[in-house]
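These notebook entries record what I looked up in one structure. The sequence and coordinates come first, and my entries follow.

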Amino acid sequence: MSLYDNMASNMLLGAILNKTQLAISDRYNITVDFFYDKSTKDGKRFHSLIFACAQSLAAQGVEEINIVDIGEFYKPYAKQLAILEENDYQDFVEFVKDMCDESNFEHYYNIVKK
């Protein structure tokens with residue numbers, strides 16, 4: 001069993017938020033399960049919520065996602081929005097979008113998919 005690589009997951013999410021079509025690409029076939037860490041109490045639910053939003057909005061044609069998009073997406077879902085807010089999603093999203101190097105997407109993907 002490989003350990004969940006938090007930093008690679010952060011960078012993968014950043015790239016996906018910057019270019020959402022990566023979330024629905026047949027080439028990569030990324031699923032919410034990529035962002036599940038069985039060794040943590042909440043299963044990295046925070047990461048999976050960010051990805052699920054990106055995947056859904058990408059399917060609707062959204063090309064880049066920001067904090068407003070995520071907040072609006074989860075507005076009807078109080079429990080999920082609370083998890084995002086507890087994890088300071090606004091700072092997280094801004095950080096990973098700025099820090100990721102999209103040219104290294106495949107590298108992050110290969111680490112996280114293990």
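This is a predicted model: local features need pLDDT of at least 70, side-chain atom pairs count only at pLDDT 80 or more; totals for chains, interfaces and linings use all residues.

Is Asp98 buried or exposed? I found Asp98 exposed, with a relative accessible area of 65%. I use buried for under 20% relative accessible area, exposed for over 50%, and partly exposed for values in between, with a 1.4 Å probe and protein chains only. The areas come from the Shrake-Rupley method with that 1.4 Å probe, and for residues only the protein chains shown count as cover. I located Asp98 in helix H5, residues 89-99. Helices here are DSSP runs (H or I, at least four residues), numbered from the N terminus.

Residues are numbered from 1 along each chain as its sequence is written, and side-chain values use heavy atoms, with hydrogens and water left out.

Which residues form the negative surface patch? I recorded Asp88, Asp91, Glu94 and Asp98. Patch members have over 30% relative accessible area and no salt bridge, and like charges are joined within 9 Å. Asp and Glu count as negative, and the charge is placed at CG of Asp or CD of Glu. I then looked at Asp88 separately: this residue lies in the loop between H4 and H5 and is partly exposed at 39% relative accessible area. Its phi is positive, about 55°, although Asp88 is not a glycine.

Asn29 sits in the loop between H1 and H2 and counts as exposed at 55% relative accessibility.

How many salt bridges does the structure hold? I counted three, a salt bridge being a side-chain nitrogen of Lys or Arg within 4 Å of a carboxyl oxygen of Asp or Glu.

I began with Arg27 and Glu106, whose closest N and O atoms are 2.9 Å apart. Arg27 lies in the loop between H1 and helix H2 (45-59) and Glu106 in helix H6 (residues 105-112), so the bridge ties together parts that are 79 residues apart in sequence. Arg27 is exposed at 60% relative accessible area, whereas Glu106 is partly exposed at 35%.

I next examined Lys97 and Glu64, whose side chains meet at 2.8 Å, N to O. This pair links distant parts of the chain, with Lys97 in helix H5 and Glu64 in the loop between H2 and helix H3 (67-74), 33 residues apart. Lys97 counts as buried at 15% relative accessibility, while Glu64 counts as partly exposed at 44%.

Glu72 is partly exposed at 47% relative accessibility, and Lys75 is exposed with 55%.

Which residues does Leu84 touch beyond four places in sequence? I listed Phe46, Leu49, Ile50, Ile70, Tyr74 and Tyr89, contact meaning heavy atoms within 4.5 Å. Leu84 lies in helix H4 and is buried, with a relative accessible area of 0%. The C-alpha atoms of Leu84 and Leu49 are separated by 7.7 Å, although the two residues are 35 residues apart along the chain.

I turned to Ile83, which is also found in helix H4 (residues 78-86). Ile83 is buried at 16% relative accessible area. Leaving aside neighbours within four places in sequence, I found Ile83 in contact with Arg45, Phe46 and Leu49. From Ile83 to Asp101 I noted 18 residues in sequence and 27 Å in space, C-alpha to C-alpha.

Ser9 counts as buried, at 0% relative accessibility. Not counting residues up to four places away in sequence, Ser9 touches Tyr4, Phe35, His47 and Val112.

Key:
Patches are made of residues with over 30% relative accessible area and no salt bridge: like charges are joined within 9 Å, nonpolar side chains (Val, Leu, Ile, Met, Phe, Trp, Tyr) within 5 Å. Helices (H or I, at least four residues) and strands (E, at least two) are DSSP runs, numbered from the N terminus.
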